[in-house]
Amino acid sequence: MTLLICRTCPRYDTRTSGEFGRRLTAAIADIEPETAVMIRNVQCLGGCPDDGVVAVDGPGKARVRFTGLTETAAAAVLAAAAAHHASTSGAPAEWEVPAELVDHLSSVTVKRLPRG
Amino acid sequence: MPIPTSKVLFRNVSILDSTGADPYPGDVLVENNRIASVGTVDPDAAAGARVIEGRGRTLMSGLCDAHTHFSWNNSADLDGLGTMPVEEHLLFCLESARTYIDSGYTMCLGAASAKPRLDVVCRDAINAGRIPGPRYLANGPEIAVTGGALIPSITKFADGPEGMRKAVRELIGIGVDQIKLSMTGEEITGTLRAEDTYFSDEETAAAVAEAHRRGKRVCAHARSAESVKMCVRNKVDIIYHASFTDAEGMDMLEANKDWVFVAPGLNWLVATLYEAESFGFPQEAAEAVGYKKELEVAIEGLREMHRRGIRVLPGGDYGFAWTPHGTYARDLQHFVELLGFTPMEAIISATAWGGEIMLQPDELGKVQPGYLADLLLVDGDPLADITILQDHDRLNYIMKDGKFHKEPSTDEAPAPDPANMPSTGTERLVQQRA
């Protein structure tokens with residue numbers, strides 16, 4: 001399962017840019033997830049106005065983004081990644097978004113394939 | 001007195017050479033700014049080299065973005081590209097150049113500049129070694145006809161064949177490498193439809209003829225079916241977007257695939273449709289103006305282009321708030337997941353074909369002897385998971401023109417002594433093959 005963590009949040013505050021990613025990555029390292037998670041520290045996930053952004057993604061599955069998080073959400077983020085990974089399409093209708101993250105869901109990017 | 005040769009030996013790497021061959025273990029020797037040998041390295045040739053222990057990591061070519069805008073300033077709206085004062089705008093461009101090479105992109109083709117000389121100045125500064133950045137082919141402001149500008153404040157207006165010739169001459173005069181024509185609309189404008197074409201055949205022909213006469217190529221913002229055909233008829237070298245290519249246009253592209261490039265800028269469509277709400281453009285609005293339909297049609301067409309062997313390259317329009325700089329490698333994921341490219345095909349399109357679109361097919365985009373040493377040492381296998389390339393931490397080493405742009409200090413090894421060489425990847429490879 002793939003977890004994308006923004007490495008620049010808060011992107012437009014040069015003094016603290018990157019802190020969210022470092023703190024969340026450290027918090028995740030302190031947890032031993034049941035399923036191996038592939039963390040991708042990506043440049044940005046485009047949710048900047050509400051910084052503290054992650055996304056769960058996977059081949060052929062919807063990319064689901066959460067914004068406005070802090071490192072205290074590490075366990076919930078891992079749970080979301082595992083649930084997303086276990087689902088077929090990745091669309092949140094198919095898996096249970098952890099209660100802590102429900103209000104932070106900010107986009108669902110469908111892997112749209114050709115019609116028919 | 002001869003100038004001493006600078007040597008770097010990447011030892012025990014998995015060589016992803018962009019020829020289409022499966023990665024294979026071996027060593028790669030760089031001498032000065034070129035790749036000297038690949039696979040099996042003569043220990044004598046490697047004497048005195050700085051050694052980077054690959055430990056099985058992937059060594060591959062630097063990447064190419066075929067649709068680059070240094071001056072797209074991560075604005076949350078189109079007008080934001082035009083309102084930034086030139087001083088701040090130049091600083092932003094310098095940061096963009098650095099972000100590209102930080103992201104593993106060593107080749108970029110400029111697809112328009114928001115102010116006349118921003119691209120040109122950045123290219124020259126990169127080439128002079130004054131700032132870090134990719135190899136860059138610079139563009140100027142995009143040319144549009146009256147009433148057909150996507151962002152009037154950053155557009156060079158021209159009408160009629162004579163107007164086109166004059167505009168092209170002026171842009172060549174400031175030093176651009178290619179010319180950009182903005183031929184169709186863009187749905188986010190709210191008024192200019194993607195399926196509408198604003199250029200005439202005569203205007204396109206005049207612009208291309210004038211550019212080609214001066215040895216410059218032409219690229220075009222061309223979303224509509226008619227604009228794609230107009231591009232091919234008039235020998236526009238690089239077609240951007242091509243979302244609504246129809247059957248006739250597809251046949252024309254295939255018949256001319258030896259010279260034409262398509263760079264769809266796919267992430268713009270994906271992110272604008274699904275991920276721009278944080279910046280005031282919700283999915284419902286994007287669907288209402290047509291982005292859902294365009295994405296579906298574009299994917300269908302681009303898959304067909306891929307089946308027909310038309311060169312479709314990643315890269316495109318990064319530099320808006322929801323498609324920010326530094327996320328360029330997401331295009332490769334789209335190519336694999338949406339367009340049906342294998343990871344190998346996606347990487348070849350971003351490397352070997354990158355060398356072709358940069359007009360240096362015999363020296364850029366491959367890990368081959370004689371090629372310029374633009375290399376990435378990647379922690380992981382991008383063929384197994386293409387998203388690795390989105391993670392800058394996985395790009396352990398970035399080299400351009402034989403010089404490291406990024407180099408951690410943890411992988412150093414003593415310079416090889418030909419009389420007492422340790423067991424290297426080369427030796428093991430030779431033993432395996434014996």
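This is a predicted model: local features need pLDDT of at least 70, side-chain atom pairs count only at pLDDT 80 or more; totals for chains, interfaces and linings use all residues.
**View 1. The five-stranded sheet of chain A.**
Here you can follow an open sheet of 5 strands, in the order β2-β1-β3-β4-β5, and the pairing is mixed. β2 (38-42) and β5 of chain A sit at the edges with a single partner strand each, so one side of each has no neighbour in the sheet. Going from one strand to the next, the twist averages 20°.

**View 2**
β1 (residues 2-6) and β3 (residues 54-58) of chain A run antiparallel, and 4 bridges join them. Look for I5(A): it stands opposite V54(A) of β3(A). Helix α1 (residues 19-29) of chain A packs on the sheet, where it touches β1 and β2 of chain A. The direction of α1(A) makes about 145° with that of β1(A).

Now check the loop between β1 and α1 of chain A, which holds P10(A). The peptide bond leading from C9(A) to P10(A) is cis, with omega near -10°. For background, most peptide bonds are trans.

**View 2. Where chain A meets chain B.**
In this view, 25 residues of chain A are in contact with 25 residues of chain B. On the chain A side, the elements giving two or more residues are β2 and β5 of chain A. β5(A) provides the largest share of that side, with 4 residues. Sort the chain A residues that touch chain B by type and you get 9 nonpolar, 10 polar and 6 charged.

**View 3. Helix α9 of chain B.**
Is this helix enclosed or open to the outside? In α9 (residues 266-274) of chain B, 9 of the 9 residues are buried, so the helix is largely enclosed by the rest of the structure. Among these buried residues are W268(B), L269(B) and Y274(B). What do they pack against? The buried residues of α9(B) pack against α10 (283-289), α11 (291-307) and α12 (330-337) of chain B, along with β5 (105-109) of chain A.

Most residues other than glycine have a negative phi. N12(B), which is not a glycine, has a positive phi near 60°. N12(B) belongs to strand β1 (residues 7-16) of chain B, and it counts as buried because 22 other C-beta atoms lie within 10 Å, where 20 or more are needed. H241(B) is not a glycine either, and its phi is positive at about 85°. You'll find H241(B) in strand β13 (residues 238-241) of chain B. H241(B) is buried too, with 30 other C-beta atoms within 10 Å.

Technical notes. Residues are numbered from 1 along each chain as its sequence is written. Chains are lettered from A and ligands numbered from 1 in the order in which they are written. A residue is buried if 20 or more other C-beta atoms lie within 10 Å of its own, exposed if 12 or fewer, and partly exposed in between; C-beta atoms are placed from the backbone. Two residues are in contact if their C-beta atoms, placed from the backbone, lie within 7 Å. Two strands pair if DSSP finds at least two bridges between them. Axes are lines fitted to C-alpha atoms, for helices over the stretch in contact, and angles run from 0 to 180 degrees between N-to-C directions. Ala, Val, Leu, Ile, Met, Phe, Trp, Tyr, Cys and Pro count as nonpolar, Asp, Glu, Lys and Arg as charged, and the others, Gly among them, as polar.
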